[in-house]
Amino acid sequence: MGRRQETELFLFLCHTEVRTALPELPEVETVTRSIKPLVGRRIVSAEFRNLRVLRGGDPDDMAARLHGRKIAGVQRYGKFILVSLSGGGYLLVHLGMTGRLLLGGVPGKHTHAILTLDRGVLLFDDSRQFGALELHDDFPARVARLGPEPLEVKFEDFAAGLRGRKTSIKALLLNQRFVRGIGNIYADEALFRAGIHPQAQASRVRGERARRLYDAMVAVLSEAIAAGGSSISDYVDAEGRKGFFQFSHRVYQRTGESCISCGTPIRRVLVAQRSSHFCPKCQRR
DNA sequence: ATCGGTACCTGCACGC
DNA sequence: TGCGTGCAGGTACCGA
C-alpha cells in the first residue's frame, strides 16, 4: 500500500465507527480487520476510566506499561482480539455484549479506555461492561484454552468433539472450548440450516447430521464475515448500518414468524439459559 | 471431567 | 407521562 493510500485509509477509518451487532466471530473478525491498519502505530498514552472491564488490572500500571509500545500485530481468537505489542506482551480485548472499538471520535459516557496513538486514537466503549481489556506478559491462558476455530477445524475433529457429550447441541456450540467464536445468533442459525433441534443431545448428532451441522456452521459464519466485510465501507451512516443489521437471520429473533422453508411459526425456548429460536417442523431432535 | 444454573450490567420495549 | 418489569447474552464461577 502506498503512502497516500495508507493516509486515505487512515483518514477514512478515523471517521468510521467500528460497531456491529452482538459481537460473535464474524463481527469480531470484521472489527479485527478494521483495526489491522493500526499495526506499526505507537501508543503515546493510555487512559483507563473503568475498573470493571480491566478485570483486576491496575489502570495506572497498565497505562505505564503501554506507554511508548508499538502495536506489532492484531489477531482474532474466537471472540477475542489479541493485540501484540513490541517488546513482548499482549493487550487482550473482548467486546462482551456491547463492546465497540472506535477509531477516532469523542469519548462518551461509556468510553472505558482511550489509547492515544502517534497518529489517531483508539477508544474502547462498552455500555454493558461485559467486555474486557487485559494486559498480559505471556500468551493469555484464557485464549490458550479455547477450542479450535470453527472455520479451521476438520470435520473429523468436530465430529469427535460431539461424541459422548450429554449436553444439548446448542449448549455445546456455545461452549468456547468446543469451538471458539459461536454465540447465540450463529448457533441458532447453524442449527436451523442443519435441521437439528437445539435441545438435541450432542452425542446423538452423528454421521450425516454431524456433517450437515459442520457444513451449516462453516456456511453461516463465512456468509456473515462476507457481509460484515462488504458493509464496513458504507458504515458511516444509518443506512449502511441498517444494511448490516438486516443480515439474513432465518430463525434468530423471528419468534412467531413463518419458517422460510415450511411456513410453520418459529418457536422460542430456553436452552442453556439462552433464548433459542427454531422451526418445530424442520428441526428434529 | 462434565454439566446446569447464576451473577454481572445497561438500554430498551412493553404494559398499565 | 412515568414507572416497574422483563429481556438481551458472553464469560467466570459455583456446586452437584
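Me: What makes a feature count here, and how are things numbered?
Reply: This is a predicted model, so local features need pLDDT of at least 70 and side-chain atom pairs count only at pLDDT 80 or more, while totals for chains, interfaces and linings use all residues. Residues are numbered from 1 along each chain as its sequence is written, and chains are lettered from A and ligands numbered from 1 in the order in which they are written.

Me: Why is helix α7 called largely enclosed?
Reply: Helices (H or I, at least four residues) and strands (E, at least two) are DSSP runs, numbered from the N terminus. A residue is buried if 20 or more other C-beta atoms lie within 10 Å of its own, exposed if 12 or fewer, and partly exposed in between, with C-beta atoms placed from the backbone. In α7 (residues 184–194), 11 of the 11 residues pass as buried, so the helix is largely enclosed by the rest of the structure. Among them are Asp188, Glu189 and Arg193.

Me: What does tyrosine 186 touch?
Reply: Contact means C-beta atoms, placed from the backbone, within 7 Å. Leaving out residues up to four places away in sequence, tyrosine 186 touches Glu24, Leu25, Val220, Leu221 and Ala224.

Me: Which residues have the most contacts inside the largest nonpolar core?
Reply: A core is a set of buried Ala, Val, Leu, Ile, Met, Phe, Trp, Tyr and Cys residues joined through C-beta atoms within 7 Å. The largest one has 66 residues, and Ile169, Leu173, Tyr186, Ala190, Leu191, Val205 and Leu213 have the most contacts inside it.

Me: How do you know that β6 is covered on both faces?
Reply: Gly99, Leu101 and Leu103 sit on one side, Arg100 and Leu102 on the other, and all are buried. That makes 5 of the 5 residues, so β6 is largely enclosed by the rest of the structure.

Me: What makes β6 and β8 a pair?
Reply: Two strands pair if DSSP finds at least two bridges between them. β6 (residues 99–103) and β8 share 5, in the antiparallel sense, so they pass that test. One of the bridges puts leucine 102 with leucine 123 in β8. Strand β7 (residues 111–117) is also joined to β8 by 5 bridges, again antiparallel. Aspartate 125 in β8 is the bridge partner of arginine 100 and also of threonine 111.

Me: Why are β3 and β9 called edge strands?
Reply: The open sheet has 4 strands, ordered β3-β4-β5-β9 with antiparallel pairing. β3 (71–77) and β9 (132–136) each have a single partner strand, so one side of each is left without a neighbour in the sheet. The twist averages 20 degrees from one strand to the next; axes are lines fitted to C-alpha atoms, for helices over the stretch in contact, and angles run from 0 to 180 degrees between N-to-C directions. Helix α2 (residues 25–35) lies across β3 and β4, at about 170 degrees to β3.

Technical notes:
Contact = placed C-beta atoms within 7 Å.
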